[in-house]
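Please keep the sequence and the model in view while reading.

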Amino acid sequence: VAWDLGSAGNQNDYKGPSGKNLFITNIHTDYGYNFRINGMVVIDEEYSTSSVYAAMLKLPICVMSGQVISGNIPGSGANTFYGILTDANVEPLTFWFDSDTYTVPIGKKLVVTNLWMTGNEDFTIDGVSFAGPTFNKPSGQGTKHLEIPLIINSESILLVPNQYASFNGYLVDEDYFADCGGGGSSEGGGSQDLVV
């Protein structure tokens, strides 16, 4: 899927088709803060002295059937994305930390592929800090972002106290990764899932 979300006065939202998931692999936008899924911010931008905005995407953003991707651009400029449609074999999830924590449902694992936050508080899983303030926001001081997905166990509690943050990823059954390990030979070489 290659899609142009349009510009001010010419908005062209995208709605995921029935029975499919969309994995966005590239975003090109001049105003990243306004790139949203069902109204929730998933990436950010840094305003530079040259009056240019830049958005950052390191891992795919997962979008469920029926969810709406919008630009909500206040000015003009590029706002496009490219992605891959797949059968709905996992349950994409975008969560905005408004006044709530997020608890991974019983019998599920949560795979976090994108974390966005700004402010002064840490992102915690079961009370342990995993990401510092101002995460996944390009800046002159560099940025912090997920290099590989976080795989989080059932009933774990995710929290960003300042409540100005979101994560994106997908839910799977607890045994989803059971057959994904390598090295089944008697000579070793096995692998372990990276699970938080």
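## Salt bridges

The side chains of Asp173 and Lys108 form a salt bridge, with 2.8 Å from N to O; the term denotes a side-chain nitrogen of Lys or Arg within 4 Å of a carboxyl oxygen of Asp or Glu. Asp173 belongs to strand β18 (residues 165-173) and Lys108 to strand β13 (residues 108-117), so the pair ties together parts that are 65 residues apart in sequence. Strands are DSSP runs of E with at least two residues, numbered from the N terminus. Asp173 is partly exposed at a relative accessible area of 41%, and Lys108 is partly exposed at 22%. On this scale, buried means under 20% relative accessible area, exposed means over 50%, and partly exposed lies in between (1.4 Å probe, protein chains only).

By this rule the count comes to 2 salt bridges. Asp87 and Lys20 also meet through their side chains in a salt bridge, at 2.8 Å from N to O. Here Asp87 lies in strand β10 (residues 79-87) and Lys20 in strand β5 (residues 20-29), so the pair ties together parts that are 67 residues apart in sequence. Asp87 is partly exposed, with 45% relative accessibility, and Lys20 is partly exposed, with 30%.

## The loop between β16 and β17

Glu155 is located in the loop between β16 (150-152) and β17 (157-159). Its phi is positive, about 70°, although Glu155 is not a glycine. Ser154 is found in the loop between β16 and β17 as well. Ser154 counts as buried, at 15% relative accessibility, and its side chain reaches the backbone nitrogen of Gly107 at 3.2 Å.

Most residues other than glycine have a negative phi. Asn38 has a positive value, near 50°, and is a residue other than glycine. Asn38 lies in the loop between β6 (36-37) and β7 (40-41). With a relative accessible area of 42%, Asn38 is partly exposed.

## Basis of the description

This is a predicted model, in which local features need pLDDT of at least 70, side-chain atom pairs count only at pLDDT 80 or more, and totals for chains, interfaces and linings use all residues. Residues are numbered from 1 along each chain as its sequence is written, and side-chain values use heavy atoms, with hydrogens and water left out.

Conventions: Helix = DSSP H or I, 4+ residues; strand = E, 2+ residues; numbered from the N terminus. Polar contact = N/O pair within 3.5 Å; in protein donor to acceptor, adjacent residues only side chain to side chain.
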